[in-house]
Amino acid sequence: MIEEAGFIDVEIGAPMDTFGGAGGEGNARAFGVYGYSFLAHKPG
Amino acid sequence: MAGKTPVDPAALREEVKSKYREVAVDPHGIFHFHTGRPLAKRLEYDDDVVGAMPDVAVESFSGVGNPFILRRLSRGERVVEMGSGAGFDSFIARQQVGPEGQVMGVDMTEEMLEKSRKTAAEMGFDNVEFHEGIIEDMPVEDGWADVVISNGVINLCADKDQVFSEIFRVLKPGGRLQFGDIANSNPVPDEAVENIDLWTA
């Protein structure tokens, strides 16, 4: 989706257990949800 | 032009506003996500930087990743934060771009805007502004930003194609998008995708 918008050189960081120990942990575990950091560039 | 979306975008916006209004006015309430300093530590923000920030700048933080972990911002850069909330990531951005940079937060929740503006004034940041708007149509000139940041916001928008198109518009050529967000590795059933309540839970 990011590349389809025209961005290049997309990087994705390591998964983070964003919801671990929070009320939303159950849904997060059910759907394999983690937090990620993204970096992308608009062509120069 | 907006594409087909799984839920009504306006209805989803109202649900999101309602949820994050609570986070603004009652940051120590019970939510399905972590908030504040414990969350910042979980997401690997710099302890010294966060530790130096006043409680009011951190307590309503409710991001899901760390937009600065893959690359720091550079001094003097112009930054737009989409969905700036109470301003935590905008204040981190200000710390990185310095007094010669500019940070513009965009948020649609009145209580968050009020809180972020007050905190920016208390922190003495005259180059950090917060504007009312939605991230699918931001009040930002074409090509204004060196960097667009966001944290846990894009997943709350029904029309993601429009969001990325809008980011592309406000970035200058060669500009960067740095954001934190969630992604799922297991399939989500259609009935769950079409359930607005689950988008914010």
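This is a predicted model: local features need pLDDT of at least 70, side-chain atom pairs count only at pLDDT 80 or more; totals for chains, interfaces and linings use all residues.
Residues are numbered from 1 along each chain as its sequence is written, while chains are lettered from A and ligands numbered from 1 in the order in which they are written.

The contact takes 29 residues from chain A and 34 residues from chain B. Two residues are in contact if their C-beta atoms, placed from the backbone, lie within 7 Å. On the side of chain A that touches chain B, α1 (25-31) and β2 (33-41) each supply at least two residues. Helices (H or I, at least four residues) and strands (E, at least two) are DSSP runs, numbered from the N terminus. The largest share of this side, nine residues, comes from β2(A).

Strand β2(A) also pairs across the contact (pairing needs at least two DSSP bridges between two strands). Nine bridges join β2(A) to β5 (residues 171-184) of chain B. The two strands run antiparallel. A:Gly35 has B:Ile182 in β5(B) as its bridge partner.

A:Phe38 lies in strand β2 of chain A. A:Phe38 counts as buried because it has 21 C-beta neighbours inside 10 Å (buried: 20 or more other C-beta atoms within 10 Å of its own; exposed: 12 or fewer; partly exposed: in between). Not counting residues up to four places away in sequence, A:Phe38 touches A:Ile2, A:Val10, A:Ile12, B:Phe179 and B:Asp181. A:Val10 is 28 residues from A:Phe38 in sequence, yet their C-alpha atoms are 7.2 Å apart.
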